[in-house]
Amino acid sequence: MLSTLTLESFRNFRKKEFHFTPRSFITGANGVGKSSVLEAVRVLSVGKSFRTSRLDEAVSFEGRYFRLKATIQTNQDLELFYGNQFETEEVKERRLTFGGNPVSWADFLGAFPTVLFTPNDLDIILGSPDGRRKYLDSVLWQVSAEYRRIQVEFWQVLRERSALLFMVKINRASSEELSPWNELISKLTSAIRLSRAGYVDYLNAWFGANLKEGDGRIEVEYQFEAKQVGEYSAQEIKSAQNLFGAHRDELIIKFDDFSARRFASRGQSRLAVAHLKAAEADYLLEKTGNPVTVLLDDAMSELDSKNTLRLLELFKDEHQLILTSAEPLKLPEPWSTIKL
């Protein structure tokens, strides 16, 4: 759980300190930095921004670095420095300290788990299969160092194997050279699928236990073609592409037995994503044993007051909620308000 956060040279904040309660509401006009606060929290949690792929863009205008400081869990200090302290330095420094000690992201992930819900998360329902795979992976990365290791190796294998497929296609290599790569990609794909399917099973069990009358029925299914890698060989060589692997799998989300992507309204899709996020928060708490901070960035748009309250009720009291909105909201006690 997050109690304090200090932003230094981050986005439009020169230096600003925030204090959070278990239920905090950040409000203010558009463009004042509400999303930037949640972005900073997310960066401290997982090392990545949900607004850009380049942390350089989060450095304030004409700045050389940003520094994020936070107090989390049982009054433990967390700090991230990114950038250059001096103009003569060319390589960006990324330094993370936790409890006063340097720590790697690989060792830190899961110590400060967060769940992020933004308007763009509607793409989990309405978007491409790639977005749904990324959703699954974003959850599993926070709970399993082994899953992170396997997936990093998997993407390396995909790149190497793709290059080899091209060499085979132009007769610069033999198809027999694919054998060890086929064995490796099969092994890694099986491990990724097993972890993803396990989380999908958790989701379905959670929906069965937590959906209330009027919520509708939500089900998820992890799908992939049950073919062996060798069955794709001719097509792969012809196209010089990896047609076998966990990078081609799909997460099917159903709302009342119908494809949510095809038939759910935007309001239904938003509530379905909210249920996914609430289940994610419970899963992270169960797997990491650490309090979860839920970041709700303008999550109430397109919802009426009844569904707004229902969305908030989905998250258990054990989870910290930080909500942003440009519009004033009537929130139940004991929400605290941060005005920007």
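Rings of Phe, Tyr and Trp, the last represented by its six-membered ring, are taken as a pair if their centres lie within 6.5 Å. By this criterion, the predicted model holds 16 aromatic pairs. One of them joins Phe10 and Phe66 in an edge-to-face arrangement, with 5.1 Å from centre to centre and 90° between the planes. This pair links distant parts of the chain, since Phe10 belongs to strand E1 (residues 2–10) and Phe66 to strand E4 (residues 65–72), 56 residues apart. Both Phe10 and Phe66 are buried.

A further pair is formed by Tyr199 and Tyr202, whose ring centres are 6.4 Å apart and whose planes meet at 10°. Planes under 30 degrees apart count as stacked, and the Tyr199–Tyr202 pair is therefore assigned to that class. The two residues are three places apart in helix H6, a separation of about one helical turn. An α-helix has 3.6 residues a turn, so residues three or four places apart point the same way. Tyr199 and Tyr202 are both buried. Ring pairs also connect these two tyrosines with Tyr135 and Tyr283, giving a cluster of Tyr135, Tyr199, Tyr202 and Tyr283.

Helix H6 (179–210) also contains Phe207. With a relative accessibility of 2%, Phe207 counts as buried. When residues up to four places away in sequence are not counted, Phe207 touches Ile218, Val220, His275 and Leu276. Along the chain, Phe207 and Ala278 are 71 residues apart, yet a distance of 9.9 Å separates their C-alpha atoms.

Helix H5 spans residues 145–169 and comprises 25 residues. From the first C-alpha to the last, H5 reaches 36 Å, close to the 36 Å expected at 1.5 Å a residue. The buried residues of H5 are Tyr147, Arg148, Ile150, Gln151, Phe154, Val157, Leu158, Arg161, Leu164, Leu165 and Val168. These buried residues pack against helices H2 (105–108), H4 (129–143), H6 (179–210) and H7 (233–239). Just after H5, Asn171 adopts a positive phi of about 65°.

Within helix H5, Gln151 has a relative accessible area of 6% and is buried. Leaving aside neighbours within four places in sequence, the contacts of Gln151 are Asp137, Trp141, Ile192 and Arg196. Of these, Asp137 and Trp141 fall within the range of H4 (129–143), whereas Ile192 and Arg196 fall within that of H6 (179–210). Between Gln151 and Trp181, the separation is 30 residues in sequence and 15 Å in space, C-alpha to C-alpha.

At least two lining residues are supplied by each of H1 (34–46), H2, H3 (123–126), H4, H5 and H9 (266–288). H4 gives the most to the lining of the largest pocket, with nine residues. By class, this lining is made up of 16 charged, 12 polar and 12 nonpolar residues.

Notes. Residues numbered from 1 in each chain as written. Predicted model: local features only at pLDDT ≥ 70, side-chain atom pairs only at ≥ 80, totals over all residues. Heavy atoms only, no water. Helix = DSSP H or I, 4+ residues; strand = E, 2+ residues; numbered from the N terminus. Expected span 1.5 Å × (residues − 1). Buried < 20%, exposed > 50% of the residue type's maximum accessible area, 1.4 Å probe, protein only. Contact = heavy atoms within 4.5 Å. Nonpolar A, V, L, I, M, F, W, Y, C, P; charged D, E, K, R; others polar. Phe/Tyr/Trp six-rings, centres within 6.5 Å; stacked < 30°, edge-to-face > 60°.
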